Amino acid sequence: MENGITKKVIDKAREFMGIHRTGVRLLKIAAKIDSSAMPLGMIQAVFQAVNTYLGLFLMARLIDSLLAGDFSRAFFFGGMTAFTAWLFGMAGTVFSGLQKRSADRFLTGFYIMLRKKALSLDYETMEQPGTADMILRSERTAMMYGGLENIIRVYQGMLENFLISATAVGMTVALCFSRGRAQEGMLAFAAQPAVSALFMALISIAAIWVDARGNKRLEDKKQGFMREHTDVEGKIGYLTRQMLEDYQAGKVIRLYDMKEMLLDNFKKSNDESLAFFRRINAADDHRELFRGSVNSIYMVCIYLLVAVKALAGAITVGAFTQYAGALAKLVKGVQNFSWMNSRLKLCGIYMEDFLKLMDMESRHATGSIPVEKRLDGEYEIAFEDVSFHYPGSEEMVLKHVSCRLNMKDKLALVGKNGAGKTTFIKLLCRLYEPVEGVITLNGIDIRKYREEEYRELFSVVFQDFKLFAFPVWCNLTTGCERQDERIWDCLERVGADSLVKDMPEGLDTVLYKDKEGGVDISGGEAQKLALARALYKDAPFMVLDEPTAALDPVSEAQIYQGFHQMVKDKTSIYISHRMSSCRFCDDIVVFDQGGIAERGSHEELLGRQGLYAEMWNAQAKYYAEEL
């Protein structure tokens, strides 16, 4: 029995320490956003604790002065009571304003910290579904239950209630050991220090124990509901964005008459969310009803004890209000401290995904070698027996690929879907790392170079490129210095200069209608802007993955005609399913089933009558007129 109790005590102590290890860690993170928040919260906690007892002290002196007929003294204490009420009221207003501004900083700082961490992770890690879910859950729980600022408020509340409880304990001891004038009878017996202390200890321990049990049950229920609720809110958020915010989805919704289906799903998720709140509110209501009953019984016992002390002559009538108030604060303070500790535990659970994300490390090695800046653009890149499979799969997408990129050449990568062309480019750009083999830059493993510097060598337009709801010039310069003459030159080279000139604000026009005043553009127009962005970066390597997939035939022909000029003095790599584009390239690599099947010029590959010739002849009838 004794060992069982000891084990429970040890387990509780470990749990308490674990909760506060997480809490302290979150405090350290919070301090990086707003270093003044924690000191401000602690000052406010002390201020509130002092205010709690100062009012009781002054009111007791006021009552005693009035009963004694000392009106000048009563006037003094009355004035002090009014002054302190005004002073603490004004201070409370100031503190509230400071905390509101701090909460705003935390809200912004938390989301910036979250996104900064996400952007610092390598592409391979970020592409994992679990990582995206972790970020979304972190955002949702912070929005619904409070983020880092909530940790500050919890510790502030814990300090305030600790000070209130500690002061109440001191006043309770003073009350219990005060001796009255009565020497005999039940009143004298009840007013004895030992009896008073025993009575106070028993009712306080009973009230605190019962309240702790109620807190534990409520905490268990909330932990069970929390994850379920955040998932439901995620569904509601997704449906809301699809129905109200994504104007492009609106076309599909109307054409396929999906309104009722979406509304039914929205109603179902909303009903689940409302059911959650009903369960939480019911649990809170039952908890408050139970706590109210316990506190009512406790208050009756308190007033009984204080009344006995007053009738026995141990304290004055004014002190009756002082001690009654202090004793009421004793259990209330302990209850609130316990509740704050439970709340801190829930905060740790709410912030669990956030902490996991902050602990997450990139899969890629961190290189330290700077990349040599060469004005002539002469960089030698080679794949040496490279094999690769995507995380979570054992199927090799690339198998023992070895090749060297010829500088200043125009290289075409062709092959059937799934042959490994785009994966080859992702490895080249160091978005992924080989499972076997190495990729070298100037004879050195690219993993040894600084990642950001290595990527500066590449201008890439993927087939699934992304433009943002920012001004045109922001999309093209991507954080680099704005040079309008250079921007217009890039736009002209891809045939998009007239498109931008016709926009309401020219280069300052915001793309897409996500923001007021934004303009919508077609897929082909967006692809031209993506090409202009790649040209603006002016990197030594130009990588184009299906760059004309969304363009009409005329625009495609214009791009091809200017292709040589666009990538002049650069090493260019070009992926396309349109075999006619290969005629513009010096070198062609044919991928098949994860390996390199053929390599050579257009004429050489046609002469071999292999896979390239087969693909060329299959498409020849579609572009015979061009030949």
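A crossing of two helices is left-handed if the near helix is turned anticlockwise from the far one by less than a right angle, and right-handed if clockwise. Helices (H or I, at least four residues) and strands (E, at least two) are DSSP runs, numbered from the N terminus.

This is a predicted model, in which local features need pLDDT of at least 70 and side-chain atom pairs count only at pLDDT 80 or more, while totals for chains, interfaces and linings use all residues. Residues are numbered from 1 along each chain as its sequence is written, and side-chain values use heavy atoms, with hydrogens and water left out.

**View 1. The whole protein.**
The protein has 22 helices and 10 strands. Of its 627 residues, 46% are buried. Buried means under 20% relative accessible area, exposed means over 50%, and partly exposed lies in between (1.4 Å probe, protein chains only). A contact means heavy atoms within 4.5 Å. Among contacts between residues at least 6 apart in sequence, 75% join residues at least 24 apart.

**View 2. Helices α16 and α18 cross.**
Two packed helices are described by the angle between their axes and the distance between the axes. Axes are lines fitted to C-alpha atoms, for helices over the stretch in contact, and angles run from 0 to 180 degrees between N-to-C directions. The axes of α16 and α18 come within 8 Å and cross at roughly 130 degrees. The two helices are therefore oblique to each other. Angles under 35 degrees count as roughly parallel, over 145 as roughly antiparallel, 65 to 115 as roughly perpendicular, and the rest as oblique. The crossing of α16 and α18 is right-handed. From α16, the residues R486, I487, C490, L491 and R493 meet L529, A532, L535, Y536 and K537 of α18. By class, this contact has 7 nonpolar, no polar and 3 charged residues. Here Ala, Val, Leu, Ile, Met, Phe, Trp, Tyr, Cys and Pro count as nonpolar, Asp, Glu, Lys and Arg as charged, and the others, Gly among them, as polar.

**View 3. The largest nonpolar core.**
A nonpolar core is a set of buried Ala, Val, Leu, Ile, Met, Phe, Trp, Tyr and Cys residues joined through side-chain atoms within 4.5 Å. The largest one holds 41 residues, of which L491, L511, L529 and Y612 touch the most other members. Elements that give two or more residues to this core include β3 (410-415), α16 (484-493), α18 (523-537) and α22 (611-620). The largest share, 8 residues, comes from α18. Which residues does L491 touch, not counting those up to four places away in sequence? L491 touches L476, A496, D497, V500, L507, L529 and A532. A second, separate core of 35 residues includes L398, L428, Y432 and I573.

**View 4. Helix α2 against helix α11.**
Helix α2 (residues 37-68) packs with helix α11 (residues 317-350) at an angle of about 160 degrees, with their axes 6 Å apart. That makes α2 roughly antiparallel to α11. The crossing is right-handed. Among the α2 residues in this contact are T52, Y53, L56 and F57, and among those of α11 are V317, G318, A319 and T321. The contact has 9 nonpolar, 5 polar and 3 charged residues.

**View 5. Helix α2 against helix α6.**
The axes of α2 and helix α6 (residues 148-176) come within 8 Å and cross at roughly 30 degrees. These helices are therefore roughly parallel to each other. The crossing of α2 and α6 is right-handed. Residues meeting here include A37, M38, G41 and M42 in α2, and I152, R153, Y155 and Q156 in α6. The contact divides into 14 nonpolar, 6 polar and 2 charged residues.

Is helix α13 largely enclosed or open? In α13 (residues 421-428), 7 of the 8 residues are buried, so this helix is largely enclosed by the rest of the structure. Among the buried residues are K421, F424 and L428. R430 lies in the loop between α13 and β4 (436-441). Its phi is near 65 degrees, a positive value in a residue other than glycine. Most residues other than glycine have a negative phi. R430 is buried, with a relative accessible area of 1%.

**View 6. Two further loops.**
D538 lies in the loop between α18 and β7. Phi of D538 is near 55 degrees, a positive value in a residue other than glycine. R583 lies in the loop between β8 (571-575) and β9. R583 is partly exposed, with a relative accessible area of 35%. The C-alpha atoms of R583 and E603 are separated by 8.8 Å, and these residues are 20 apart along the chain.
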